Structures are given as C-alpha cells and as structure tokens.
Number of protein chains: 2
Amino acid sequence: MAAPRTLVRVPPRCRAGETIELSTLIAHPMETGYRVDAEGRPVPRDILRRYRCTLERAGRPPVVLFEAELHPAIAANPYLAFRIVARESGTLRFAWEGDAGFRHEQTAALVVDG
Amino acid sequence: MAAPRTLVRVPPRCRAGETIELSTLIAHPMETGYRVDAEGRPVPRDILRRYRCTLERAGRPPVVLFEAELHPAIAANPYLAFRIVARESGTLRFAWEGDAGFRHEQTAALVVDG
C-alpha cells in the first residue's frame with residue numbers, strides 16, 4: 001500500500017513556555033461499515049482507531065503528549081488540532097493505527113529556543 | 001467549585017452527510033506537577049486526563065464520537081478540534097475529567113436537516 005498523504009502543522013520554531021498548536025490531517029476514507037455499495041453489498045469497515053503524538057528527545061524515553069480514540073462518526077481524512085506547551089526541542093512523532101493493520105507514522109522537528 | 005468556563009463551537013445547523021468541525025475550549029490551569037512555587041514548594045499536579053464527545057438521540061444508547069487522553073504537556077485551557085460526519089440530529093455532550101475529582105459536562109444541540 002502506498003503511504004497515505006498527511007499534512008502536519010507545527011510552528012517552525014518557538015520559545016520555551018510558549019503555547020503552540022499542533023494539527024494533523026491524514027488521507028483515509030474512514031469507512032464506517034454501515035454503508036452498502038451500488039449492488040447492496042455491505043462495504044467493510046475501515047476506520048482509524050487510534051492517534052498518538054509523542055515527543056522524543058535524545059537519551060530519554062519518549063513522552064506522550066496527546067492520544068485519541070477515533071470512532072465511526074469521525075469524518076474522512078481525520079483532522080485533529082490541540083495545543084501544547086513547548087518546553088524542549090525534540091522530534092514529534094504522530095502515529096495513526098486502524099482497521100486491517102493500518103499503521104502510519106510521521107515525524108516533525110520541534111525547535112524550542114531558550 | 002464554580003463551573004469552569006467553556007467555549008463550544010458547533011455549526012448552528014447542517015445537512016445529513018456533511019462534514020462539520022467541532023471544537024471546544026475549557027478554562028483549566030493544566031498544572032503539570034513539575035513546577036515549584038515562589039517558596040520552592042512543589043505545585044500539586046492538576047490536569048485534565050480525559051475528554052469525550054458523545055451524541056445522544058431519543059430512545060437510543062449514546063454513541064461516542066471522539067475520546068482523548070490528555071497528558072501534562074497539554075497547554076492550559078485545553079483546546080481541541082476534530083471533524084465528524086453529521087448524520088442525525090441529537091444532543092452533543094462534551095465531558096472533561098481530571099485530577100482531584102474534576103468533572104465537567106457541557107451539551108450543545110446538533111441540528112441536521114434532511
């Protein structure tokens with residue numbers, strides 16, 4: 001399977017203690033499993049179930065910043081936005097898991113000055 | 001304790017099948033437990049741990065639309081935004097739970113035409 005398209009928005013840099021917004025969007029149909037196709041056959045469920053944002057810093061265990069459980073009502077191409085307090089630079093890792101063994105990760109640099 | 005201030009954004013009305021964005025903000029300090037006060041005493045942790053959005057419809061069990069686990073890095077006055085597919089009218093119930101027995105709920109009407 002080709003890697004899904006994702007859009008990750010993280011401020012290019014920020015100051016320690018600053019509140020920043022992180023948002024992500026991933027291309028995924030979020031098929032609920034409640035629909036039927038043109039021939040009346042049920043369309044199998046294919047949704048993302050879990051979303052997680054962690055921060056990785058050299059030599060220390062990663063910390064979870066935010067974690068979410070998604071349900072069939074969530075729209076196609078799930079979009080999520082939340083705010084964190086920037087404390088230290090590191091690598092943000094965004095991970096999505098879903099039906100049929102779906103798993104995708106995307107990283108972005110978090111650059112915190114001072 | 002006085003009820004915390006919340007800001008809930010739901011489109012005033014929408015059509016069945018339409019993708020809409022829901023967003024909420026709640027006044028809460030999200031004290032991490034890692035800080036000390038002016039006298040060097042640790043400030044006790046006081047964060048929100050859980051956020052849930054459910055849809056209630058007459059005569060049927062409520063369905064969870066979205067659920068999240070918050071961690072100490074989440075900024076004060078947690079803001080969260082996500083998108084759902086509007087299918088039926090009902091009452092959206094947003095619930096926050098946190099340290100020290102914190103619990104707050106807020107409802108909003110979801111009005112779906114056709």
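This is a predicted model: local features need pLDDT of at least 70, side-chain atom pairs count only at pLDDT 80 or more; totals for chains, interfaces and linings use all residues.
The secondary structure of chain A consists of 9 strands and 0 helices, and the order of elements read along the sequence is accordingly β-β-β-β-β-β-β-β-β. The C-alpha trace of chain A extends over about 60 × 25 × 20 Å when taken along its principal axes. Within this chain, strand β1 (residues 6-9) is paired with β3(A) in the antiparallel sense through 4 bridges, and one of the residue pairs in this arrangement places L7(A) against L25(A) as its bridge partner in β3(A). Strand β3(A) is also joined to β6(A), again antiparallel, by 7 bridges, with S23(A) having A81(A) as its bridge partner in β6(A).

Strand β7(B) is in turn joined to strand β8 (residues 103-110) of chain B by 8 bridges, the two strands running antiparallel, and here L92(B) stands opposite A108(B) in β8(B). The two strands β7(B) and β8(B) form a hairpin with 4 residues between them, and A100(B), which lies in the turn, has a positive phi of about 60 degrees. On β4(B) there is also an antiparallel pairing with β5(B), over 6 bridges, in which the bridge partner of C53(B) is F66(B) in β5(B). Strands β4(B) and β5(B) likewise form a hairpin, with 6 residues between them, and G59(B) in the turn has a positive phi of about 75 degrees.

Charged side chains were examined as well. Side chains of opposite charge can pair when their charged atoms come close. The count of salt bridges over all chains comes to 34. One salt bridge is that between the side chains of E105(A) and R93(A), with an N to O distance of 2.6 Å; this pair links distant parts of the chain, E105(A) being in strand β8 (residues 103-110) of chain A and R93(A) in strand β7 (residues 90-98) of chain A, 12 residues apart.

Between the two chains, by contrast, the count is 0 salt bridges, whereas 7 residue pairs are in polar contact, both residues of each pair being at pLDDT 80 or more. In terms of contacts, 24 residues of chain A meet 24 residues of chain B. The size of an interface is often given as the accessible area lost when the parts come together. For chain A and chain B this buried area is about 2100 Å², of which 58% is on carbon and sulfur atoms. A73(A), Y79(A) and R83(A) supply 27% of the area that chain A buries against chain B, more than any other three residues.

Strand β6(A) pairs with strand β6 (residues 79-85) of chain B in the antiparallel sense over 3 bridges, and L80(A) has F82(B) as its bridge partner in β6(B). Strand β5(A) pairs with strand β5 (residues 63-70) of chain B, also antiparallel, over 5 bridges, and the bridge partner of L70(A) in β5(B) is F66(B).

Superposition describes the relation between the copies: chain A can be laid on chain B with an RMSD of 0.0 Å by a turn of 180 degrees and a shift of 0.0 Å along the axis. The two copies are thus related as by a two-fold rotation axis. In chain A, the C-alpha nearest this axis belongs to A68(A), at 2.0 Å from it. Of the interface residues of chain A, 100% are also interface residues in chain B, so the copies meet through the same surface.

How values were computed. Residues are numbered from 1 along each chain as its sequence is written. Chains are lettered from A and ligands numbered from 1 in the order in which they are written. Side-chain values use heavy atoms; hydrogens and water are left out. Contact means heavy atoms within 4.5 Å. Buried area is the accessible area (1.4 Å probe) that two parts lose on being put together, summed over both. A salt bridge is a side-chain nitrogen of Lys or Arg within 4 Å of a carboxyl oxygen of Asp or Glu. A polar contact is a pair of N or O atoms within 3.5 Å; within protein, one must be able to donate a hydrogen and the other to accept it, and residues adjacent in sequence count only if both atoms are side-chain atoms. Two strands pair if DSSP finds at least two bridges between them. Copies are superposed by least squares on the C-alpha atoms of residues with pLDDT of at least 70 in both.
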